[in-house]
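This briefing concerns the sheet of the structure shown below, with attention to one strand and its surroundings.

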Amino acid sequence: MAIAVDGPASGRRVVSGASRGVAAITGAGSGLGEAMALAFAGAGYDIAVLDVDEPRAQATSARVIALGRASTAIRVDVADPASMSAAASAVEAELGPVSILCANVGVQQFGAIDRLTADDWQWVLSVNVFGTVNTVMSFLPSIRRARGRRHVVLTASAAAFQVGPRLAAYTTSKHAVFGFGETLRLELQPEGIGVSTLFPAGMATRHLDSSAAARPAELGPSVTLDEDFVALMASTTVTESSVVTPDFAIRNLLADLDNAEPYIFTHGDYRAEVVSRNDAILQAFDRQAG
Ligand SMILES: NC(=O)c1ccc[n+]([C@@H]2O[C@H](COP(=O)([O-])OP(=O)(O)OC[C@H]3O[C@@H](n4cnc5c(N)ncnc54)[C@H](O)[C@@H]3O)[C@@H](O)[C@H]2O)c1
């Protein structure tokens, strides 16, 4: 079956085969979000590509359309609840209710704790934490109207487990995303809506450049010193060989969602750090238990 759909952002599109539903993905103009958009399109979903970088969102949307699926590209700022609710309405009007929501945007700001400014903290938390909450709260009514399998994917980071220096704002924000997902899963479970938290490790993407570009001009330029990278790399098990492509990072994503896995890890050699932190927490727990 092929149907043509008209839409304001993407023009006329030709769609092949029945749709499995609609996937809405933030940060889909680049990197991991773009890889998710193409993977879900390949699996038969129509795709809403949401990004603050509109030309990049449109480019991803065009790639989805080339795969034979319907798509729309919408400029959003996840930190702005009004922008997200307008996008949720537009996506449902154009493509239908959303079955899969990927709240994927995150920005990076390196810096020693003494050097991170109040504006740095405000920006990182407003995008990474409130942006994730805004995304979910804006799209939840649409997800509730969708039929069939429904799922929310939150992009956290290996930084929730593999902590390093010069990343205080980012690491704090990704722990918050992890915590939000834990409660969200419990609250949506009775409605049959799954929640998975994704913990990517290092990927070759535009993350630092796109973060600097997305930072509001009134905050001034983002300052990252070479010594921040040196300090980080000296302290962690991340090496250049452990940095992968976004496509590789999501190679198991669709299968993990089919299995409603609560946690999705992508790659990386930090199992020992997870074990050691969990052991320390269990020891602290057991000390109080006597
Ligand atoms: N690259 C890595 O090594 C890595 C590792 C762990 C986790 N992550 C996480 O993966 C996610 C995707 O990052 P990526 O590596 O694909 O980066 P990326 O830069 O390739 O993609 C991020 C996209 O988000 C968009 N964006 C930034 N601020 C926005 C805003 N306020 N509103 C809407 N869109 C906005 C950017 O324009 C960009 O297109 C992020 O949450 C990031 O924290 C990345």
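β7 and β8 pair in the parallel sense over six bridges; two strands pair if DSSP finds at least two bridges between them. Helices (H or I, at least four residues) and strands (E, at least two) are DSSP runs, numbered from the N terminus. The model is predicted: local features need pLDDT of at least 70 and side-chain atom pairs pLDDT 80 or more, while totals for chains, interfaces and linings use all residues. Residues are numbered from 1 along each chain as its sequence is written, and side-chain values use heavy atoms, without hydrogens and water.

**Pairing of β8**
- On β9, β8 (residues 193-199) pairs in the parallel sense over three bridges.
- L198 has I264 of β9 as its bridge partner, and F199 stands opposite F265 in β9.

**Burial of β8**
- Seven of the seven residues of β8 are buried (under 20% relative accessible area, with a 1.4 Å probe and protein chains only).
- I193, V195, T197 and F199 point one way from β8, whereas G194, S196 and L198 point the other way.
- In a regular strand, side chains alternate between the two faces of the sheet.

**The sheet as a whole**
- The open sheet has seven strands in the order β5-β4-β3-β6-β7-β8-β9, with parallel pairing.
- β5 (71-75) and β9 (263-265) stand at the edges with a single partner strand each, so one side of each lacks a neighbour in the sheet.

**Helix α6**
- β7, α6 and β8 make a right-handed β-α-β unit: with the strands pointing away from the viewer, the path from the first strand over the helix to the second runs clockwise.

Conventions. Buried < 20%, exposed > 50% of the residue type's maximum accessible area, 1.4 Å probe, protein only.
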